[in-house]
Each structure stands twice: as structure tokens, then as C-alpha cells.
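Good morning, and thank you for coming.

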Amino acid sequence: MKIAILVPCYNEGLTIRKVVSDFKRVLPEADIFVYDNNSSDNTIEEATSAGAIVRTETTQGKGAVVLSMFRDIDVDYYLLVDGDDTYPAEAAKELLECIEKTNADMVIGDRLSNKTYLAENKRPFHNFGNDLVKKLINQFYHSSLNDILSGYRLFSRRFVKNYSSLISGFELETDLTIYCLNYDFKIHEIQIDYRDRPEGSVSKLNTYKDGYKVLKLFFNLYRLYKPLSFFTLISAFILLIGLILGVFPIIDYIEYQYVYKVPTAIAAVASVIIAVLLYTCGLILDNISKFDKKNFKYSLLNFDEAAKTKRY
């Protein structure tokens, strides 16, 4: 069993040595890959001297770095962790035991259930953002996950080599989770302790800018993966407006046998037509989405068969 620890880094010179040392102690059999993302501090030097395999990814953004890692590295299990020393290396063995026991494709280190993130995190609105994204995804994807945005995750080779994305930034965790839910990969969560960044270490996450990107990504993926539901909601809203507007011309006609509110009548008819068109678009895109999902499962089956042949 080959294990790779993936540590995407951007200016983590203060903490990366400890992160590498901790994981070397807990999982001495694992290869630790540090991918530097255009750091301007001593991240590369610290990671190299700590014994990590250091590579660079010039395309800026965590998503771009992780996709590069997934493409380059070929092992059985991939443990993704941030280089800021906020996640405990000791929890790695629990994650590995869970993925082997349950045959899961992704195991998430859950920071929220035991309240350690709430106690340790000092950044305003982060807890609100975590809770909002969790509720949206659980509601629309009928899941019951506790920590959607955790950066501490263990993946199977099956998931990594079949994952694709256009994400380049901090929306990565949201994309990973929704991708997993949409294509019916198996997800588990393990509670972990969280500790805030040490003094002097600065977060690269912008609360409002990156929060907006995460919410925007959620609605884009919802539109992509569940088009019928997405367009039905919009269609129903516009149809309701059309029906409300249509009441006034009807009242005119009943009372005077003549429609005086012509613009209102035109707006009502236009709203109903737009609603029908949007619903039709949803039906067409839903069929395309189902074919995509069917083709993906077929390719995944071929991947599993090829893996069995290679193993035996």
C-alpha cells in the first residue's frame, strides 16, 4: 500500500517544517510531497531540509496545485493537508483505517462536530460561512455531511484518477465534495481536532471574496449537475409572477369586457412563456446530465476492472 501526503503551499515557511516532520513521524512509510505555488518566502528551503519531495506549480491557486498533484502522483491513497499546521498529523491513521474498513473514496477530517474549529478559529464570519455552505449542499444534494470545507481529506486512487475540474482557487473543497456526491462516490467523515494558525502565520483566504466564489461555485455546480431542479425553481418563480400579473387584466375583462391594462397583460403572457421555456431547457439538460452520469459510471467500471487486472 503506497501513501502520498500532499501539501500545497504558498508562503508557509513558518510552519511547513513542523508539518513535514509531524507526518514523517506518524506515517514514516508515506511519501510527503510539497508543491510550492510561487512562494516568496523560504517555503522551498524549509520543506526540502525537512525531507519532503518538493516540486513547483506556477499556476496560482490551491485548486491548480492539487490538480497537478493528482495528475503527477500515482499511489493507492492520497492524504491532502494544508501546510499551515492547523490539522493534526495524528489523525491520519484514523482516516486510513476508515478508508480501508469502509472502502470509501473520500474521508473528510471533520473539524466542526467537536466544536474545536469554533473555539480555535479567530476569523469573523468563517463559522457562518461553513454553516451556510453545509446547509445548502446537504439540502440540495440530500446528504448529511458535517464539514464541507475541511482541507484535511484522504482519497482513494479510484477517486483521484477520475476527478476533473476547472477550479483553480479555494473553492476546491466545495468542488471535491459536490463532485463526490454527484457521481455517487462513497464519503465518510472522521472527527478531528483543529488548531488555529500559530502567531505570525497569515491566512491566504479572503473571507468575503473567497466566500462569494464558493457560493457562486455551488450554484454553478447545482445548475450543471441538477439542471431540472435548478430550472424548475426559476421557472416556478417566473410563472408565479406571470400568474399574479395576469389577475389584473382578467379582472378588467370581467368588469368591463375590455382589457385596459395591456402592458400588464403582455408582461403576464411573456412571463408564462419564459417559464415554460426555462422548464423545457431544464428537461433537455437533465437528459444530457443523466447520459453524462451513465457514461462516467461506465468509465469508472472500466477503471475498476483495469485496477483488478493490474493487482492480480
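Two residues are in contact here when heavy atoms of theirs lie within 4.5 Å. Please keep in mind that this is a predicted model.

With that definition, which residues does Ile178 touch, apart from those up to four places away in sequence? They are Ile137, Tyr141, Phe218, Leu221 and Tyr225. Ile178 itself sits in helix 8, which covers residues 172-182. Is Ile178 buried or exposed? Its relative accessible area is 0%, and the cut-off for buried is under 20%, so Ile178 is buried.

The axes of helix 6, residues 126-141, and helix 8 approach within 11 Å and cross at roughly 15°. Angles under 35 degrees count as roughly parallel, and the two helices are therefore roughly parallel to each other. Their crossing is right-handed.

Helix 8 also has a part in the surroundings of helix 3. Helix 3 runs over residues 62-72, and nine of its 11 residues are buried, so the rest of the structure largely encloses it. Among the buried residues are Lys62, Gly63 and Ser68, as well as Val65, Leu67 and Phe70. The elements against which the buried residues of helix 3 pack are strands 1, 2, 4 and 6, together with helix 7 and helix 8.

Let me turn to helix 10, residues 227-256. Its 30 residues reach 43 Å from the first C-alpha to the last, close to the expected 44 Å. Buried positions in helix 10 include Pro227, Gly242, Gly246 and Pro249. After the helix comes Gln257, with a positive phi near 55°.

Finally, a word on backbone angles. Most residues other than glycine have a negative phi. Asn38, in the loop between strand 2 and helix 2, has a positive phi of about 65°. Asn103 has a positive phi of about 60° and lies in the loop between helix 4 and strand 5. Asn38 is partly exposed, at 34% relative accessibility, whereas Asn103 is exposed, at 60%.

How values were computed
Residues are numbered from 1 along each chain as its sequence is written. This is a predicted model: local features need pLDDT of at least 70, side-chain atom pairs count only at pLDDT 80 or more; totals for chains, interfaces and linings use all residues. Side-chain values use heavy atoms; hydrogens and water are left out. Helices (H or I, at least four residues) and strands (E, at least two) are DSSP runs, numbered from the N terminus. Buried means under 20% relative accessible area, exposed over 50%, partly exposed in between (1.4 Å probe, protein chains only). The expected span of a helix is 1.5 Å times one less than its number of residues. Axes are lines fitted to C-alpha atoms, for helices over the stretch in contact, and angles run from 0 to 180 degrees between N-to-C directions. Angles under 35 degrees count as roughly parallel, over 145 as roughly antiparallel, 65 to 115 as roughly perpendicular and the rest as oblique. A crossing is left-handed if the near helix is turned anticlockwise from the far one by less than a right angle, and right-handed if clockwise.
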